[in-house]
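Please open the structure in your viewer and keep the sequence panel beside it. The tour goes from one selection to the next and says what is found at each stop.

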Amino acid sequence: MSDNNVKTISRRDFLKIGVGTAGGVVAAELAGLGLDPGKVQAQALTVPIKKGKEVATVCPYCAVGCGQIATVDTASGKIIDIQGNPDSPVNQGTLCPKGAATYQLAVNDLRWTKVKHRAPGSDQWEDMSLEVAMNRIAQLTQQTRDANFNEFQDVGGARKRVMNTYALASLGGATMDNEWNYLQQKLMHALGVVYLENQARI
Ligand code: SF4
């Protein structure tokens, strides 16, 4: 295609071609699956748009801090939807897959709400009270640290004071928010843990 030909296609024409092509591909793929694109479109139009009080908030997951809008049901006060905030200069309405699933972090019947424990050698998970679990974790953490703490270490032929342990590691999951990760980092460094990773990269 010559330069002249490129210049004759306006942005509007380009978008029309793109949308038309994409729509044609989707329709062809739906037809290939035995679905009637017309019925699919009609069904999509019947999906209700969730309405309620819109509250601007920030995605809790990582240090990017994307803006979100949480829609709250005015009668029950419960969250009914969370979307990207188009007014946010950070994400301009977009969310990554994790941020797009924030609603399921807040509202999810499938989430376990009790501590599960599988004893050594067992193939069964059993409920454990939070207090017992926290005490056990604290006890094992201190026991492991005390048994494997390095006050001094030979570094490059010189004896150095390092005050660390290589026997413990901390791995933060994606549902840990910035604040939790900050505190976790402080605690782990105070214990001398050097193997420390979390999703927020702080
Ligand atoms: S997790 Fe995704 S949506 Fe949330 S702040 Fe980070 S990049 Fe944005």
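**Confidence colouring**

Begin by colouring the chain by pLDDT, since this is a predicted model; the protein chain averages 84, and 82% of the residues score at least 70. Among the elements, helix α6 (residues 130–147) has the highest mean pLDDT, 97, whereas helix α1 (residues 3–7) has the lowest, 46. If you then select residues 1–7, you have a stretch in which the pLDDT is below 50 and which, beyond near neighbours in sequence, has one contact in the model. Where pLDDT is low, the predicted coordinates should not be read in detail.

**The sheet β1-β2-β3**

Next select residues 53–58, which are β1, and residues 79–84, which are β3; these are the edge strands, and each pairs on one side only. With β2 they make an open sheet of three strands in the order β1-β2-β3, with antiparallel pairing, and the twist averages 25° from one strand to the next. Which residue of β3 stands opposite T71? It is D81 that faces T71, while I69 has Q83 in β3 as its bridge partner. The hairpin of β2 and β3 has six residues between the strands, and G77 in this hairpin takes a positive phi near 75°.

Selecting β6 together with strand β7 (residues 158–171) shows an antiparallel pair held over six bridges, in which D154 stands opposite R159 of β7.

**The helices on that sheet**

From its first C-alpha to its last, α7 reaches 20 Å with its 14 residues, close to the 20 Å expected at 1.5 Å a residue. Just after α7, select G192, which takes a positive phi of about 90°.

**The ligand**

For the last stop, centre the view on the ligand and show the residues that surround it: C59, Y61, C62, V64, G65, C66, N91, L95, C96, K98 and G99. How many residues of each class does this shell hold? Coloured by class, the shell around the ligand has seven nonpolar, three polar and one charged residues.

How values were computed: Residues are numbered from 1 along each chain as its sequence is written. This is a predicted model: local features need pLDDT of at least 70, side-chain atom pairs count only at pLDDT 80 or more; totals for chains, interfaces and linings use all residues. pLDDT is the predictor's confidence in each residue, from 0 to 100. Helices (H or I, at least four residues) and strands (E, at least two) are DSSP runs, numbered from the N terminus. Two residues are in contact if their C-beta atoms, placed from the backbone, lie within 7 Å. Two strands pair if DSSP finds at least two bridges between them. A residue is near a molecule or strand if its C-beta atom, placed from the backbone, lies within 6 Å of it. Ala, Val, Leu, Ile, Met, Phe, Trp, Tyr, Cys and Pro count as nonpolar, Asp, Glu, Lys and Arg as charged, and the others, Gly among them, as polar. Axes are lines fitted to C-alpha atoms, for helices over the stretch in contact, and angles run from 0 to 180 degrees between N-to-C directions. The expected span of a helix is 1.5 Å times one less than its number of residues.
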